[in-house]
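Reader: I would like a close look at one part of this chain. Please keep it simple, and then show me what surrounds that part.

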Amino acid sequence: MSGLQVAWFIMVGFFIAGYAILDGFDLGVGFWHLFARKDSERRLVLNAIGPVWDGNEVWLLAIGGCLFASFPPVYATVFSGFYLAFMLVIFALIFRATAIVFRSEHPSKWWRSWWDGAFAFGSVIPSVFFGVALGNLLRGLPLDDAGNYTGTFADLLNPYSLLIGFTGFAMVATHGALYLVLKTEGGLADRARGWAQKMWVFYLVLFLIAGAVTLVAQPQLIVNYNSLPILWIIPALTLAAIVMLGVFNMKGEAMKAFYSSIFSIIGLISLSGSALFPNLVPSLDNPQLSLNIMNASSSPLTLKAMLVITLLGMPVVIVYTVWIYTAFGGKVKLDEAKY
């Protein structure tokens with residue numbers, strides 16, 4: 001195991017966390033969009049993410065690029081094994097993007113209702129299926145000697161992966177509602193605070209259940225945590241962040257609640273990474289067939305070159321992200337709504 005391999009394991013986790021934080025609230029907003037009471041409120045909800053949603057989805061491409069460059073066998077196994085699931089997700093994301101653009105192209109009620117449904121569908125499906133994918137990785141996949149996935153699409157929808165999928169959905173739904181509290185005002189903001197509080201209960205309960213089940217489903221977690229006990233601080237801080245986001249939301253401290261939600265997402269990604277390490281795709285039946293950072297990485301030269309390129313480009317992405325959120329900060333107004 002080399003430092004470059006560990007660095008790329010962390011780098012992939014960084015991009016996954018970035019996507020979950022940024023596009024996570026977009027997906028959550030898509031779910032709550034249907035709960036807005038009238039067309040003007042739905043326009044406000046869409047406008048809250050209008051300037052940023054497409055940029056947020058770029059992080060998903062970064063994840064794929066990182067895997068392809070650093071761990072090609074993992075990219076091949078995951079994208080071929082999850083092919084049908086990923087096609088459903090991509091179809092949903094296309095529907096979602098199309099709905100945002102087309103919704104206000106015609107004033108009729110049936111037209112807007114259709115695209116509102118498409119927007120919600122395109123937000124909920126990825127929210128659940130990304131969690132399902134993570135659940136299968138934590139549980140392990142049936143692999144052959146060549147590292148190919150030997151199961152079926154139905155096998156991916158096992159009870160544990162669905163539990164992680166619904167936990168992920170609760171996470172982004174809570175995150176999205178908190179974002180709406182920050183971006184809207186009046187009655188809509190008040191209801192968004194209520195939405196966040198209700199979904200927070202499910203988020204907390206599902207996290208506790210998923211954490212307990214993961215201790216059984218992923219024995220590597222116990223091995224890693226017992227070998228380095230300081231890692232137990234990760235689930236402790238994650239639980240604290242989830243609890244505090246609910247406390248801050250009840251107190252009406254929207255910004256603190258939203259940051260707590262961000263920290264909870266970072267904690268969940270860190271918890272998943274620490275449970276998997278050094279594996280990337282554990283084998284369900286034979287641990288010897290697992291793809292890990294040693295047997296699935298690119299050459300040292302490739303890892304080094306790509307790391308330099310990534311470290312040079314990452315500050316540009318971060319600065320742009322900070323700038324865009326600063327430029328479009330503050331509450332959205334109805335007369336500014338374009339969607």
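Where is Pro282 found?

Author: Pro282 is found in a loop, between strand E1 (279-281) and strand E2 (291-292). Two notes on reading come first. The model is predicted, with local features needing pLDDT of at least 70 and side-chain atom pairs counting only at pLDDT 80 or more, while totals for chains, interfaces and linings use all residues. Numbering runs from 1 along each chain as its sequence is written, and side-chain values use heavy atoms, leaving out hydrogens and water.

Start with cover. Is Pro282 buried or exposed? Pro282 is buried, because its relative accessible area is 7%. (Buried means under 20% relative accessible area, exposed over 50%, and partly exposed in between, with a 1.4 Å probe and protein chains only.)

Next, the neighbours of Pro282. Leave out residues up to four places away in sequence. Then Pro282 touches Leu137, Gly140, Leu141, Leu143, Gln218, Leu276 and Ser290. (Contact means heavy atoms within 4.5 Å.) Take Gln218 from that list. Gln218 is 64 residues from Pro282 along the chain, and their C-alpha atoms are separated by 9.4 Å.

Pro278 is in the loop between helix H12 (254-276) and E1. The peptide bond from Phe277 to Pro278 is cis, with omega near 5 degrees. Most peptide bonds are trans.

Now move to Ile222. Ile222 lies in helix H10 (residues 219-227). With a relative accessibility of 28%, Ile222 counts as partly exposed. Set aside neighbours within four places in sequence, and Ile222 is in contact with Leu215 and Trp232. Ser274 sits 52 residues from Ile222 along the chain, with 9.9 Å between their C-alpha atoms.

Go past E2 next. Asn295 is in the loop between E2 and H13. Asn295 is partly exposed, because its relative accessibility is 44%.

Thr310 counts as buried, at 13% relative accessibility. Beyond residues up to four places away in sequence, Thr310 touches Trp8, Met11 and Phe15.

H13 also has a helix partner. Helix H3 (residues 53-70) packs with H13 at an angle of about 175 degrees, and the axes are 12 Å apart. (Axes are lines fitted to C-alpha atoms, for helices over the stretch in contact, and angles run from 0 to 180 degrees between N-to-C directions.) H3 is therefore roughly antiparallel to H13. (Angles under 35 degrees count as roughly parallel, over 145 as roughly antiparallel, 65 to 115 as roughly perpendicular, and the rest as oblique.) On the H3 side are Asn56, Trp59, Ala69 and Ser70. They meet Thr302, Leu303, Met306, Val317, Thr321 and Tyr325 in H13. By class, this contact has 6 nonpolar, 4 polar and no charged residues. (Ala, Val, Leu, Ile, Met, Phe, Trp, Tyr, Cys and Pro count as nonpolar, Asp, Glu, Lys and Arg as charged, and the others, Gly among them, as polar.)

A second pair meets at another angle. Helix H2 (residues 39-49) and helix H8 (residues 159-183) pack at about 100 degrees, with axes 10 Å apart. H2 and H8 are therefore roughly perpendicular. Val45, Ala48 and Ile49 in H2 meet Tyr179, Leu180 and Lys183 in H8. These residues divide into 5 nonpolar, no polar and 1 charged. H2 is mostly covered, with 9 of its 11 residues buried. Among them are Ser40, Glu41 and Arg42.

Finish with the whole chain. It has 13 helices and 2 strands. Its C-alpha trace spans about 60 × 40 × 40 Å along the principal axes. Buried residues make up 53% of the 339 residues. Among contacts with a separation of 6 or more, 78% join residues 24 or more positions apart.

Conventions. Helix = DSSP H or I, 4+ residues; strand = E, 2+ residues; numbered from the N terminus.
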